[in-house]
Amino acid sequence: MDRPQGQTSIISALANSTQKGGNFCDVCKMLDLTLTHQQSSNIGNFKILDAFLGWKSDLQSKSAWCASCKAIIALADEHVASLNDALKQRFQTDYELSAHFMDQAPRLWIAFGESTTPKGDASARRRHLTELGAIWLFSPDDEITKESSVWPLGKPQLFDPAKVDTASILKWLQQCGSCHDQKCQLFNTWLGKGEVQPSFIDVQQECIVTPDKDLDYVALSYVWGAVETLQATKANISELMKPGSLSIGGGNVVPRTIRDSMVLCARLGRKLLWVDRVCIVQDDYETKAKHLNTMGTIYAKAEFTIVAADGSHADHGLAGVGQSVEERERHLVPFLSRKMMRGTMWSAGTSRLSQTVWSERAWTFQEHIFSRRLLYFNKFVNWICFSARWTESWSSPVETLEGRELELKKAGESGKLYTLDWPSLTEYASMVEQYNSRHLRYDSDIIDAFGGVMLYMAEGFPAGFCGGLPEFYFTICLLWQPRKGLRPRTQQPNTSHIPSWSWVGWSGSLDLSMWACNTDTALPAAEYEVTISPLVEWYKHLDKSTKVDDTCFVVRNHFLLKNAAPPHGWEKHDSDEAAGTDTYYTYHGYYGNNHINPDIRFRYPMPPFQRPRDVRRELEHIQYLYIRTQRAFFHLGTPATGAPTRQAAHSDSNIYCAIDIPLVNRDGSWVGSIRVNILLGEELPTKHIELIRIAQGSVPVHSKTDMTLEQRVRAAATQAGRGLQLEHPFRECVEREEVKNGSVFDFYFVLWVEVKRGIARRKALGTVWMPAWDKASPQEVDVILG
């Protein structure tokens, strides 16, 4: 690129008056000088707001001797490396860097990349910061007040790159123990004791021990990776139980992540550490299965869980304990008289965990949500519990209830799961959405890796789970679709048992909007409520001896249609036209510490809280469903112009698409819509397709309220937390001439199935307008859905 000729900036003018020397260039010295006088932002006759630092190649040439330039380029490179391939292209050639001083913390912004501004014009670049890469630099003197909408209360805090501050960790433990409520203090007691007594690493004796009573311990969550590391087997478990067997000179090569966790526990005064690889005998498959079934208990009962989010394998280690000093140092930018600290999205209190291999793995999902407290290592050491988020790079003020509520509002949800005392489909949907986008090395593990979550939620869901779906809402939970293209999980070995009718059979981002449209009974109502009614009975065996306990509709009809009296503990509130409220129920009974919140308004009473002894702990891994239903044949139409393809790349190197396609009958007239999931470039069938009817639906064509745009935006923000929506869920249908002039769109939910050897496998979910289905002369058929 051409450089601007004769460029002169305030920084360069000031730099000419200083003498080059030390380990910093003149430009970086003047940045430091400006920071020193930033309260007035005046140095001599100059007021510095923006400064052109040079091109990337300029800073790279000075990196050999200027510590500031070296640190800035390293942070810019790290930022670029985290971008997707399309965005990375913007930084492949030489680009400009500029510094921008702010009135509020973070005081110094380093912007990098190309913009539409004149070359070398730092003042113009300030107006285009959103187009550029940015590094936020804080001074330890900065203080964040509650007026900040982004950064947490407190002050940036310099940390030792070579060693984590155990005093801060102990302070967090003490503060959580003394200030937070029972969610942080007590594990979910209904989980009870596992079938087998767990073993632990005794970090003092450096060996495996199996206590004969419950003791406090710490758990480790990490990524195994592809490296071969130590694991407990039938052959070596006796050796591993000898004192000193896990020491550095004990003859066993302990992976760095486990070694560092042992060191950290010793520094924190914690004696026992649970690590799956060495605390479960990996080739004792019967006992291992029992441990897997109680994995939620292991993490829930731990005092806290160490999360090794850095690295992609067990030999990476913990940052600031055994290694990774350079990674931590990159977040401290040295200047002549101070160190500045990089502000991260973690510091900003984002509700999303950083994008790491650990956070993308399916097996670590339940470890995160079950653990009461997480000590999260990702360059910095961070703390997550039900009530707070802290980091060693930030000094938080003394905690107060008001301050904690403010910080939690900024931080968002902790992503954890606490006791479910009623069958909340919204909570279940949240868990499924998060989990199904994570990666599994072996797709055959899909149900096992989610099994702990389902067992944990079984307290609130009568009849438990079948094929990954709660039986109480079984029909409704069959109504899932791809949000983006999904990869079928049945392509790997040992996956033929995975059902196509459940979400567990598909990997990727799911559209669960039907689970949130008037399905979990809690108010306020969705803007467009979908009334779903069953049409078929689902059986688990060919002889139809065992029926799926799909009873949510029975409960609904009992109270809404028969006007039954509310059960003990429930109070009915009649509708109030003046107040604009419909009839609703609240619960005022009490069982245990975590029963239904009396502030929740229900459409009708929900099933009672289950006693621990009544919780159904078995997870049924059924492959086939047996039904009698109606079948009809239709054709796929032509997608609307501009219809989104919702592409998604997957681990099999293929790109899958989810496309909404009209359904038409033989003469080409419209009958409904279906969202198909296909490979990019795959041709759709030209002949008719087979559809089976599984449920009935009804939805208003028009909004029930006439709201302004501002009102709709506010309502969307209010309802977003419950997964509700203001856009019509069947827009492609209700905008059709055949439907739009009516008040209600009545339809059938249908599955496109492909039948091979008598087994029907799900291809897609769609909707067919009720009059069109009835005119198609549907046939009654018996179906085995696999």
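**Close-up 1**
If a disulfide is taken as a pair of cysteine sulfur atoms within 2.5 Å, the count of disulfides comes to zero. This is a predicted model, in which local features need pLDDT of at least 70 and side-chain atom pairs count only at pLDDT 80 or more, whereas totals for chains, interfaces and linings use all residues. Residues are numbered from 1 along each chain as its sequence is written, and side-chain values use heavy atoms, with hydrogens and water left out.

Strand β30 covers residues 655-664, and because eight of its 10 residues are buried, the strand is largely enclosed by the rest of the structure. Strands here are DSSP runs (E, at least two residues), as helices are (H or I, at least four), and the numbering starts from the N terminus. Two strands are said to pair if DSSP finds at least two bridges between them. With strand β28 (residues 625-636), β30 runs antiparallel and is joined by two bridges; on this side, His635 stands opposite Val664 of β30.

**Close-up 1. The two hairpins that include β30.**
Strand β29 (residues 648-649) pairs with β30 in the antiparallel sense over two bridges, and Ala648 has Tyr656 in β30 as its bridge partner. These strands, β29 and β30, form a hairpin with five residues between them, where Ser653 in the turn has a positive phi of about 70°. Strand β31 (residues 670-679) also runs antiparallel to β30, and nine bridges join the two; Ile659 stands opposite Val676 in β31. The hairpin of β30 and β31 has five residues between its strands, and in this hairpin Gly668 takes a positive phi near 90°.

**Close-up 2. Ile110 in strand β5.**
Ile110 belongs to strand β5, which spans residues 108-112, and it is buried, with a relative accessible area of 0%. When its neighbours within four places in sequence are left aside, Ile110 is in contact (heavy atoms within 4.5 Å) with several residues, among them Leu53, Ile72, Leu97, Ala99, Gly133 and Ile135. Between Ile110 and Gly133 there are 23 residues of separation in sequence, and their C-alpha atoms are 8.2 Å apart in space.

How values were computed:
Buried means under 20% relative accessible area, exposed over 50%, partly exposed in between (1.4 Å probe, protein chains only).
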